[in-house]
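Please look over the sequence and the model shown here.

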Amino acid sequence: MKAIIAKRVDSGSADIGEIRDLARAAGYEVVGTLTQTRTEDAALHLGEGKVGELATLVADTGASTVIFDNRLGPYQTYNLGRKLPTDTTVMDRFRLILEIFGQRARTKKAQLQVELAELRYELPRVEAKVSLARREERPGFMGLGEYDESREQDIKAQISAISDELETIEATEEHRREQRRESGFDLVALAGYTNAGKSSLLRRLAADVEVDENEGLHPDLDPTAESQDKLFTTLGTTTRRAAMDRPVLVTDTVGFISDLPHWLVESFKSTLDSVYRADLVLLVVDASESVERMREKLVTAHDTLYERNEAPIVTVLNKTDLVDEAKLQEKREALSTLAPNPVAVSAAAGTDIETLVERIEEGLPAYERERLVMPMADDTMGVVSWIHDHAEVEDVTYTDAGDQVTVSFAARPSVVERSRDKAAALAVPVES
């Protein structure tokens, strides 16, 4: 599919690097670009003369699609369609993002979130079709589709139904998170801009565990985290156990992108809950990019996390194998306000992963220390085994008479509480 990239900016020069990558990720062949620096035209977005240039470029290249790296209103999409060659599809950056999401959605939750986002995108366009139909104008151009009087109510009903289904999934996932915490696991989430290397970092941090070993408690554990030089390779979430002494689960999530509208962020709230409700967030940034790009992406990430995230954040400067030490230090200093005391690593080369693991352990909730003295009953060794599985055991001693066992350990407060309950429930054997 041949496509033209178009972008308007209020001032300065237009950067089309990201939208070009997005177009390629969706499977488009970019055959031309057009940019303009001017205030937005209410009817056409671009100036009328520039739209004429765009029409000529479409005809000359044989492109079937024009992709705007801007947010287009329904009427602007309609008006542009009337100025371009017949059957040219016009889409804005958000329609393109939804197209990519639709291609990458594999799980039921991801598919529902994409469908919800698409419906929220379509709703104002349906409302525009109603207005055009009332003015006796034909609204059948450029993605607006044919007029259907009942479509608006259908969309609202679908949005409500999908939202309810996602709430059920969210409740199940929240229950799973609490089960994991009660089992002694800390939850760490990888967040950051798409293509920052989160999936590669997950592979470095993860222990080599078999899915079957975790089927009951952790049904979403995946033996691999896909790692490709593509945008939005990870649309759902992938959770793996970290290769650490302390029991930690690390979750990779969908990457952030800049200038996301509220309705799109809200549609993926269920996936982002893996970040918002973690015990620690690793905010991954591509250190090989320019300071300006890194700053923009850090701001985007902080904006996305700021409203709902409660966990501490550790910024990870990834891909240090692509940056020399002097340049990396310059970037550290330039971004110190947004990223104080970051950890610099290379997930690809495995450099300084041990340092990151130390920072993860420092940033997680502190363990409580406990010393339990238990009678040697029928179920005592089962309790000792459970503590070994869910805590850091420091010492186990038995009395000479063999009638008591003492276990000293450190664990999450919830695990300490459960161990106390289990110890209290032990039945003291009755002497005959």
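The points below are grouped by topic, after a short note on the model and the terms.

This is a predicted model, in which local features need pLDDT of at least 70 and side-chain atom pairs count only at pLDDT 80 or more, while totals for chains, interfaces and linings use all residues. Residues are numbered from 1 along each chain as its sequence is written, and side-chain values use heavy atoms, with hydrogens and water left out. Helices (H or I, at least four residues) and strands (E, at least two) are DSSP runs numbered from the N terminus. Two strands pair if DSSP finds at least two bridges between them.

**Parallel sheet β2-β1-β3-β4**

- Four strands make up an open sheet with parallel pairing, in the order β2-β1-β3-β4.
- At the edges are β2 (29–37) and β4 (89–92), each of which pairs on one side only.
- On average, neighbouring strands of this sheet are turned by 20° against each other, direction ignored; axes are lines fitted to C-alpha atoms, for helices over the stretch in contact, and angles run from 0 to 180 degrees between N-to-C directions.
- Strand β1 (residues 2–9) runs parallel to β2 and is joined to β2 by eight bridges.
- A6 has L34 in β2 as its bridge partner.

**Helices α1 and α4**

- Helix α1 (residues 17–25) and helix α4 (residues 93–104) have axes that come within 9 Å and cross at roughly 35°.
- The crossing of α1 past α4 is left-handed, a term used if the near helix is turned anticlockwise from the far one by less than a right angle (right-handed if clockwise).
- On the α1 side, the contact (heavy atoms within 4.5 Å) is made by E18, I19, L22, A23 and A25.
- On the α4 side, R93, L96, I97, I100, Q103 and R104 take part.
- The residues of the contact of α1 with α4 comprise seven nonpolar, one polar and three charged; Ala, Val, Leu, Ile, Met, Phe, Trp, Tyr, Cys and Pro count as nonpolar, Asp, Glu, Lys and Arg as charged, and the others, Gly among them, as polar.
- F101 lies in helix α4 and counts as buried because its relative accessibility is 5%; buried means under 20% relative accessible area, exposed over 50%, and partly exposed in between (1.4 Å probe, protein chains only).
- F101 and A26 are 75 residues apart in sequence, and their C-alpha atoms are 9.0 Å apart in space.

- Strand β8 (residues 280–286) is largely enclosed by the rest of the structure, because seven of its seven residues are buried.
- One side of β8 carries L280, L282, V284 and D286 and the other V281, L283 and V285, all of them buried, so that both faces are covered.
- Strand β5 (residues 186–192) pairs with β8 in the parallel sense over five bridges, and A191 has L283 in β8 as its bridge partner.
- Strand β9 (residues 313–318) also runs parallel to β8, joined by six bridges, with V284 opposite V316 in β9.

**Antiparallel sheet β11-β13-β12**

- Three strands form an open sheet in the order β11-β13-β12, and the pairing is antiparallel.
- β11 and β12 are the edge strands, each pairing on one side only.
- Neighbouring strands here are turned by 15° against each other on average, direction ignored.
- Helix α14 (residues 413–424) packs on the sheet and touches β11 and β13, with its direction at about 10° to that of β11.
- Helix α13 (residues 380–390) lies across β11, β12 and β13 and runs at about 20° to β13.
- Strand β13 (residues 404–411) is mostly covered, with seven of its eight residues buried.
- β13 is joined to strand β11 (residues 368–375) by eight antiparallel bridges, and to strand β12 (residues 392–398) by six bridges in the antiparallel sense.
- V407 in β13 stands opposite L372 and also opposite V396.
- β12 and β13 form a hairpin with five residues between them, and G402 in the turn has a positive phi of about 75°.

**Residue S346**

- S346 lies in the loop between β10 (343–344) and α12 (353–363).
- S346 is buried, with a relative accessible area of 0%.
- The side chain of S346 reaches the backbone nitrogen of A349 at 3.0 Å.
- Leaving out residues up to four places away in sequence, S346 touches N318, K319, T320, D321, T351 and I353.

Key
Polar contact = N/O pair within 3.5 Å; in protein donor to acceptor, adjacent residues only side chain to side chain.
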